[in-house]
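I opened a new notebook page for this structure.

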Amino acid sequence: MDAKNKYWLKDFSLENIRNRQEIRLVELMRKVLPTRADFCGCRLCVEDVYALSLNSMPAQYAQAGSLVLRTAMPTETDMVDILHQAMDKVSAVPNHPKSTAKTGS
Ligand SMILES: [Zn+2]
């Protein structure tokens, strides 16, 4: 069974039910990551920050195209704060030797 089929139920796949914060976070990371020269930015560190940030936000799963209830949505300011905290944590304890980091520190 491949990764896609893990979401298979009856005769359809549930893989398109996504946490709405995922896309918001990716869009925000495109803007914020380049402003942090101290952040490594390798795939491993970016993945860590992505997962850490999502775990710090209320998940909001929805079908594509369905209405989103605004009440539970963190604001962009909240998300930027969460993102910076995640980058601080990953920078302090990266999942790889610090010598391989872009900054070389
Ligand atoms: Zn890294």
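I count two residues as in contact if their C-beta atoms, placed from the backbone, lie within 7 Å. The model I am reading is predicted.

Entry on M79. I looked up what M79 touches, leaving out residues up to four places away in sequence. I found R24, L25, L28, M57 and P74.

Entry on the core. Which residues make up the largest nonpolar core? I listed 12 residues in all: L25, F39, C40, C45, V49, M57, M79, I82, L83, A86, M87 and V90. α3 gives the most, with six residues.

Entry on α1 and α3. I looked up how helix α1, residues 20-32, packs with α3. The angle is about 65°, and the axes are 11 Å apart. Angles of 65 to 115 degrees count as roughly perpendicular. I therefore note α1 and α3 as roughly perpendicular to each other. I also noted that α1 passes α3 in a right-handed crossing. Which residues meet here? From α1, I wrote down R24, L25, L28, M29 and V32. From α3, I wrote down E76, M79, V80 and L83.

Entry on confidence. I checked pLDDT last. The protein averages 86, and 81% of the residues score at least 70. Which element has the lowest mean pLDDT, and which the highest? Strand β4, residues 61-62, has the lowest at 80. α2 has the highest, at 97.

Terms used:
Residues are numbered from 1 along each chain as its sequence is written. This is a predicted model: local features need pLDDT of at least 70, side-chain atom pairs count only at pLDDT 80 or more; totals for chains, interfaces and linings use all residues. A nonpolar core is a set of buried Ala, Val, Leu, Ile, Met, Phe, Trp, Tyr and Cys residues joined through C-beta atoms within 7 Å. A residue is buried if 20 or more other C-beta atoms lie within 10 Å of its own, exposed if 12 or fewer, and partly exposed in between; C-beta atoms are placed from the backbone. Helices (H or I, at least four residues) and strands (E, at least two) are DSSP runs, numbered from the N terminus. pLDDT is the predictor's confidence in each residue, from 0 to 100. Axes are lines fitted to C-alpha atoms, for helices over the stretch in contact, and angles run from 0 to 180 degrees between N-to-C directions. Angles under 35 degrees count as roughly parallel, over 145 as roughly antiparallel, 65 to 115 as roughly perpendicular and the rest as oblique. A crossing is left-handed if the near helix is turned anticlockwise from the far one by less than a right angle, and right-handed if clockwise.
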